[in-house]
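Me: I am new to this structure and would be grateful for a close look at a single part of it. Please describe that part in one connected account, together with whatever lies around it.

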Amino acid sequence: MQKDFEYSVSRKDAFFADLKGEQEFRSALTALIDSPVRIIYTFNRSTVISIRTDAKGIKALRLQHAFRAADFKTMEALAFFVDGKEFDNKIIDNFLSKKQDLVKFFSRPRAEMQSIVYKGKFKDLEKALKKVTADYDIPLKGIRIAWSKPGKIQGKRRSIRFGSFSAQRSLIRIHPSLDSPEIPDYFVEFVVYHELLHALFPPKLAKNGGRRRVHTPEFRAMERKFREYRQAVEFERRFISKHLG
C-alpha cells in the first residue's frame, strides 16, 4: 500500500466514515433509479462515472468505488443522470472534490485492489459482516470482505486457515470451504468476528523482542464474548477432524 494510506485504525474510521457496503449502496441507488440498471464498481481514476445501454435497453452504470460514500443528494444526482433527467452537475463535482483522497485510495494498482467477491453460492459475506458489526457494536468502518481464491492442494492437508485480515488493505478474506450449506451461519459469523478482532487488536511485539503476539489476552477475552463461542469452537474441531484428521 502507498505510504499515504498507512493509517491508524482511528484515522481509517474517519477516512471511511461514510463508505457504504457494495450491496448496500447498490440497493439504495437502484431504488432511486427508474430505468433498468446494473451498477458496476471500478477502480478507475480518470473515468469515475460512465454509462452504456445494451440492446435490451438495460443500462450499465460504472462508478468508481469512492461513490459508495455519496450522500443522498449526490445519489439523487446520479439517479437523474442515469434516467436522463436534468440535474446540477456541481453536486457530483463537489462530491468528488471533497472525496479526492478516497478516489485516490480506490485508484491504486489493480494488483493491490483485488477483485472483491463477497456473495458465494450459499453464503453472503457482506451480510455476515454487517450483522456481526451490528450485533457486537464493533466500531470499525471501511472494512471490506471477500472470498479467498481456492489454493492448490499438494498432498494431505494438516491445517486450514478459515480467515485472514489485511490491515493495509482493510480486507477480510474467508476460505471458500465455508461457502457450503453444511456450514452453520454462526460459524461463518464467528470467523468474521475473529478477523474483525484482528483489526481491533493489532499484533504486539513481545517485551523481550521475540515473536509478535497475534492473539493477545485482550483478543482472546473478547473472542469468548461471541454468543455461540462454544458451539463454534466445537464445530471447528469436528470440521478439522473430519476433513484434515
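Reply: A helix, as the word is used here, is a DSSP run of H or I that is at least four residues in length, and helices are numbered from the N terminus. The model is a predicted one.

The chain has 245 residues, and 41% of them count as buried. Of the contacts between residues at least 6 apart in sequence, 67% join residues at least 24 apart.

The sheet itself is open and has three strands, in the order 4-6-5, with mixed pairing. Strand 4 (144–147) and strand 5 (163–166) each have a single partner strand and stand at the edges, so one side of each has no neighbour in the sheet. On average, neighbouring strands of this sheet are turned by 20 degrees against each other, direction ignored. In general, the strands of a sheet pair through backbone hydrogen bonds, and the pairing may be parallel or antiparallel. Strand 4 and strand 6 (residues 171–174) run parallel and are joined by four bridges. Within this pairing, Ile145 has Ile172 of strand 6 as its bridge partner.

Helix 6, residues 125–135, packs on the sheet, where it touches strand 4 and strand 6. The direction of helix 6 makes about 140 degrees with that of strand 4.

Residues up to four places away in sequence left aside, His198 touches Phe165, Val214, His215 and Phe219. The side chain of His198 also makes a polar contact of 3.2 Å with that of His194.

The loop between strand 4 and strand 5 contains Ser148. Leaving out neighbours within four places in sequence, Ser148 is in contact with Arg173, Ile174, His175 and Pro176. Ser148 and Pro176 are 28 residues apart in sequence, while their C-alpha atoms are 6.3 Å apart in space.

Helix 6 and strand 4 also take part in the lining of a pocket. The second largest pocket has a volume of about 590 Å³. Its lining comprises 23 residues, and Lys20, Gly21, Glu24, Leu129 and Lys130 are the ones nearest its centre. Helix 2 (22–32), helix 6 and strand 4 supply at least two lining residues each, and helix 6 gives the most, with six.

Helix 2 also holds Glu22. Glu22 has a relative accessible area of 8% and is therefore buried. Between the C-alpha atoms of Glu22 and His65, which are 43 residues apart along the chain, the separation is 8.3 Å.

How values were computed. Residues numbered from 1 in each chain as written. Predicted model: local features only at pLDDT ≥ 70, side-chain atom pairs only at ≥ 80, totals over all residues. Heavy atoms only, no water. Pairing = 2+ DSSP bridges. Axes fitted to C-alpha atoms, helices over the stretch in contact; angles between N-to-C directions. Contact = heavy atoms within 4.5 Å. Polar contact = N/O pair within 3.5 Å; in protein donor to acceptor, adjacent residues only side chain to side chain. 1 Å grid on protein atoms, 1.4 Å probe; cavity = no way out; pocket = protein on both sides within 12 Å on 5 of 7 lines; lining within 4 Å. Points joined across faces, edges and corners; volume = space filled by probe spheres on them. Buried < 20%, exposed > 50% of the residue type's maximum accessible area, 1.4 Å probe, protein only.
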